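Dear colleague,

Please find below the structure that I am handing over to you. My notes on what was found in it follow.

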Amino acid sequence: MTGAPPRLADRRGAPRAPCLACLTWNVHRARGGDGRVDPGRVAAALAQEACASARPDVLALQEADTEARPHRGLLDLGRLERETGLAHAQAAPALRWGDESHGLHGVVVLLAARVSVAHADLLDLPGHCPRGAVALEVGVAGTPVRIVATHLSLGQPLRVAQLRVVGQYLDRRPPMPTILMGDLNEWRPWGGAALSPRLLGRRFAGPAPATFPVRRPLLPLDRILATPPARVRAARVLDGPLTRAASDHRPLAAEVELPSADA
């Protein structure tokens with residue numbers, strides 16, 4: 001079972017803010033650089049390298065279902081849960097594309113036991129290729145926070161349209177710190193037009209280390225971002241022989257500092 005990250009402490013040693021460990025990875029439908037589709041290799045990379053290093057409370061995977069209908073899940077979720085200590089957050093049929101899917105258009109979320117889900121929605125996003133977002137309103141140490149996991153399109157016009165849908169959804173939901181994570185396919189470190197506060201109605205901020213391609217990352221396609229008063233810190237790109245063999249992206253891990261429940 002993954003352990004929970006410690007609460008931050010002020011100079012007098014008093015706990016002040018809970019911290020949420022997040023990990024996102026585009027697993028490329030389990031196709032490695034050798035062209036071989038091997039879901040077991042992805043599971044091993046997660047259990048032995050990525051999750052062992054990051055100890056995530058939130059794991060967001062992209063391209064974890066097959067591309068064509070019925071969008072079957074690719075990974076052995078039972079094995080993944082046993083070996084990482086995380087639980088599939090989309091076990092309910094209403095939170096998946098279909099009965100054989102593990103997620104929505106390949107977006108799959110797993111959570112640690114200390115993260116409790118209060119509300120969940122699926123968002124279909126516009127585009128030529130199926131795209132979607134999984135929105136979870138959760139509680140962590142008494143603090144509400146929203147997690148939006150997604151995989152956006154390659155073209156900026158489509159990313160703009162997709163994130164406009166996300167922004168409109170957020171406008172309709174109760175205000176709370178929100179984490180946006182996944183393969184956003186945005187190569188500009190500053191975020192480009194799609195991530196502008198004017199479009200989204202709020203500012204998402206966070207580091208932008210390069211995660212793609214896996215052998216020598218040059219582009220920051222994968223992001224973990226948060227709205228104030230939440231703050232992304234300690235973002236790092238993970239690496240290892242299993243990870244490099246399993247996908248064309250590297251995983252991205254970060255800690256998100258949340259406001260305390262009594263703030």
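I begin with one histidine, His88, whose side chain reaches the backbone oxygen of His102 at 2.8 Å. This is a polar contact (a pair of N or O atoms within 3.5 Å; within protein, one must be able to donate a hydrogen and the other to accept it, and residues adjacent in sequence count only if both atoms are side-chain atoms).

Please note that the model is predicted: local features need pLDDT of at least 70, side-chain atom pairs count only at pLDDT 80 or more, and totals for chains, interfaces and linings use all residues. Residues are numbered from 1 along each chain as its sequence is written, and side-chain values use heavy atoms, with hydrogens and water left out.

His88 belongs to strand E3, residues 87–88. Helices (H or I, at least four residues) and strands (E, at least two) are DSSP runs, numbered from the N terminus. His88 is buried because its relative accessibility is 14%; buried means under 20% relative accessible area, exposed over 50%, and partly exposed in between (1.4 Å probe, protein chains only). Apart from neighbours within four places in sequence, His88 is in contact with Leu77, Glu81, Arg96, His102, Val108, Val109 and Leu110, where contact means heavy atoms within 4.5 Å.

Salt bridges come next. A salt bridge is a side-chain nitrogen of Lys or Arg within 4 Å of a carboxyl oxygen of Asp or Glu. The whole structure contains 17 of them. One joins the side chains of Glu63 and Arg29, at 3.3 Å from N to O. This pair links distant parts of the chain, 34 residues apart: Glu63 lies in the loop between strand E2 (58–62) and helix H2 (77–84), and Arg29 in the loop between strand E1 (19–26) and helix H1 (39–54). Glu63 is buried, at 12% relative accessibility, whereas Arg29 is partly exposed, at 25%.

Another salt bridge, also 3.3 Å from N to O, connects Arg79 and Glu83. Both residues lie in helix H2, 4 residues apart, which is about one turn of the helix. Arg188 and Glu186 form a salt bridge at 2.9 Å, N to O, and both of these residues are buried.

Which residues lie nearest the centre of the largest pocket? They are Arg29, Glu63, Cys129, Arg131 and His151, out of 25 lining residues. A pocket is defined on a 1 Å grid over the protein atoms alone, as an open set of points where a 1.4 Å probe fits, with protein on both sides within 12 Å along at least five of seven lines; lining residues have an atom within 4 Å of a point. The largest pocket holds about 390 Å³ of space, the volume being the space filled by probe spheres set on the grid points, which are joined across faces, edges and corners. Its lining has 6 nonpolar, 12 polar and 7 charged residues. Ala, Val, Leu, Ile, Met, Phe, Trp, Tyr, Cys and Pro count as nonpolar, Asp, Glu, Lys and Arg as charged, and the others, Gly among them, as polar.

Finally, Gly191 sits in the loop between strand E8 (178–183) and helix H4 (197–200) and is buried, at 2% relative accessible area. Beyond its neighbours within four places in sequence, Gly191 is in contact with Glu186 and Arg223.
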